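Here are a few notes from my pass through this one. Have the viewer open as you read.

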Amino acid sequence: MVNYEIKKITKQKKKEQVVWNLLEELRTADRRELAACTDESGSVENEVYDSVFWSEECFAAYDRTGLIAVWGHRELPGLTGRLIWCLGTDRVQKNRYAFAVESKRILDEWANRYGVLYNAVGAFNKDAIQWLKYCGAVFHKETVIGSERFIPFTIEGEGRK
C-alpha cells in the first residue's frame, strides 16, 4: 500500500507554498549544505527558492502528515547533463524505503534522458551519501565549498556507462 503521493509542482503559487513548507521543516543536514553554498549576499531561504523556481522540473512527495521531500533538475550553461537536487524533511527517514525506490526510478529516467546527472553532497551527510550510492552515484574527489567538505557525484544514464 502506497502511503505517499508525488506531485509535479508547476504553478507559481504552489512553488511558493512548497518553498515555505520546506523551509519550516528542512532537515538539519540539508540546511547545513545550503548554508555552505551561500555567499555573503545569499541565504538558505534564497537557495531553497532558487532550487524550486530555477528547476526545469520540480516534484514534491507528501505523506498523510505532510511534506517528505522536494527535488528537481536544471540545465547549467556549458555543461552536459543536468544538475539535480533534493531537499527533505525528517519524514524522509520515516518513508525511506518508498522514497529510495521511487527516487531511484526517477533518477534512472532522468539519467537516461539527459546522459549524466551531477551535484555534490556534504561529506557529513551520511544518509544522503547512502541514498546516492543506492541510486548508482559515482563519487569524485572531495572539495571544500564554503567551510564544509563536499563530495561531487555523477549518475550516468545507460547510454553513457
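1. Which side chains meet in a salt bridge at 2.5 Å, N to O? Those of Arg149 and Glu142. Arg149 is partly exposed at 48% relative accessibility, and Glu142 is partly exposed too, at 37%. Bear in mind that this is a predicted model.

2. The salt-bridge count comes to 13. Several residues are linked in a network: Lys8, Glu57, Glu102, Arg105, Glu109 and Arg113.

3. Glu57 is buried, with a relative accessible area of 14%, while Arg113 is partly exposed at 41%.

4. Arg105 and Glu109 also form a salt bridge, at 3.5 Å from N to O. They are 4 residues apart in helix 5, which means about one helical turn separates them. Arg105 is partly exposed at 43%, and so is Glu109, at 39%.

5. Now helix 1, residues 12–25. The buried residues are Lys15, Val18, Val19, Leu22 and Leu23. Their arc around the axis is only 130°, so they lie on the same side of helix 1. They pack against helix 2, helix 3 and strands 2, 3 and 4. Lys13, Trp20 and Glu24 are exposed on the other side.

6. Last, the surface: Tyr97, Val101 and Tyr134 form a nonpolar patch with about 350 Å² of accessible area together. Val101 belongs to helix 5 and is partly exposed, at 34% relative accessibility.

Methods
Residues numbered from 1 in each chain as written. Predicted model: local features only at pLDDT ≥ 70, side-chain atom pairs only at ≥ 80, totals over all residues. Heavy atoms only, no water. Buried < 20%, exposed > 50% of the residue type's maximum accessible area, 1.4 Å probe, protein only. Helix = DSSP H or I, 4+ residues; strand = E, 2+ residues; numbered from the N terminus. Arc of directions from axis to C-beta. Contact = heavy atoms within 4.5 Å. Patch = residues over 30% accessible without salt bridge, like charges linked within 9 Å, V, L, I, M, F, W, Y side chains within 5 Å. Areas by Shrake-Rupley, 256 points an atom, 1.4 Å probe, with all protein chains shown as cover. Salt bridge = Lys/Arg side-chain N within 4 Å of Asp/Glu carboxyl O.
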